[in-house]
Amino acid sequence: MITQTANLDDRMLVLFEGNLRRIFAMKITRSTFRELQNVILSCANQNKELANLLFEILLTGQVKHNPANEKHQEILEDIIRNFTIPARLAKEVYERGEFINIITSDLVSQQEESALLNRLRRIDGEEFVFLSDPQNTIHLIQHFIGRIQEFQSSAKGREEIGKFRKELNLAGERLKQLAL
């Protein structure tokens, strides 16, 4: 590990900051994190220790070593302030982009018919909108209960599902309240 950031030079830091501005001026996608890794390695002139230091500063949001001068400290603080959160998000999108971030539904009615306007947004920002009437909503519930039962069929899945016992019991109670 590099004991201080003295190996950082003005050109490298300016290049690093400029590349971060370019990367994060665009939408964050699954490839953003890989692009970030490539830029860091390139700015560090393929020096893996230095690249790891830049990566650590960017993702932790902390400069753990003393910069060579005050100008370097200011640039690093600017990088942290402007790019740590987007870099963390890029890492999350890279690792878990297709996972659901939020689900919302609104009850909509037209004439005598009611339906739910459902929105699912993934971690990577992609959004899917669909309508479901009571029949289709119940079909979705049955589908996902079946998928949870599939999780139960493996030891790892059982372990994961076990972490949500309280939530599953609550869902079961709510379903019982709906029973006619």
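Q111 is exposed, with a relative accessible area of 79% (exposed means over 50%, buried under 20% and partly exposed in between, for a 1.4 Å probe and protein chains only). This residue of the predicted model is found in the loop between β1 and β2, where helices (H or I, at least four residues) and strands (E, at least two) are DSSP runs numbered from the N terminus. Q111 has a positive phi of about 55 degrees, although it is not a glycine. A positive phi of about 55 degrees is also given for N45, likewise not a glycine. N45 is found in the loop between α2 (30–43) and α3 (48–60) and counts as exposed because its relative accessibility is 59%.

The model is predicted, with pLDDT of at least 70 needed for local features and 80 or more for side-chain atom pairs, while totals for chains, interfaces and linings use all residues. Residues are numbered from 1 along each chain as its sequence is written, and side-chain values use heavy atoms, with hydrogens and water left out.

The largest pocket holds about 1600 Å³ of space. A pocket is an open set of points on a 1 Å grid over the protein atoms alone, where a 1.4 Å probe fits, with protein on both sides within 12 Å along at least five of seven lines; lining residues have an atom within 4 Å of a point. Grid points are joined across faces, edges and corners, and the volume is the space filled by probe spheres set on the points. The largest pocket is lined by 32 residues, of which I103, L140, F144, I145 and I148 lie nearest its centre. Two or more lining residues are given by each of β1 (100–110), β2 (113–122), β3 (127–132), α5 (134–152), α6 (155–162) and α7 (165–178). With 9 residues, α5 gives the most to this lining.

About 230 Å³ of space lies in the second largest pocket. Its lining includes L107, S114, D133, I138, I141, L175 and L178. β2, α5 and α7 each give two or more residues to the lining of the second largest pocket, and the largest share, 4 residues, comes from α5.

On the surface, I138, I141, I145, L175 and L178 form a nonpolar patch with about 450 Å² of accessible area together. α5 gives the most to the nonpolar patch, with 3 residues. L178, found in helix α7, counts as exposed because its relative accessibility is 61%.

Definitions and conventions. Patches are made of residues with over 30% relative accessible area and no salt bridge: like charges are joined within 9 Å, nonpolar side chains (Val, Leu, Ile, Met, Phe, Trp, Tyr) within 5 Å. Accessible areas come from the Shrake-Rupley method with a 1.4 Å probe; for residues, only the protein chains shown count as cover. A salt bridge is a side-chain nitrogen of Lys or Arg within 4 Å of a carboxyl oxygen of Asp or Glu.
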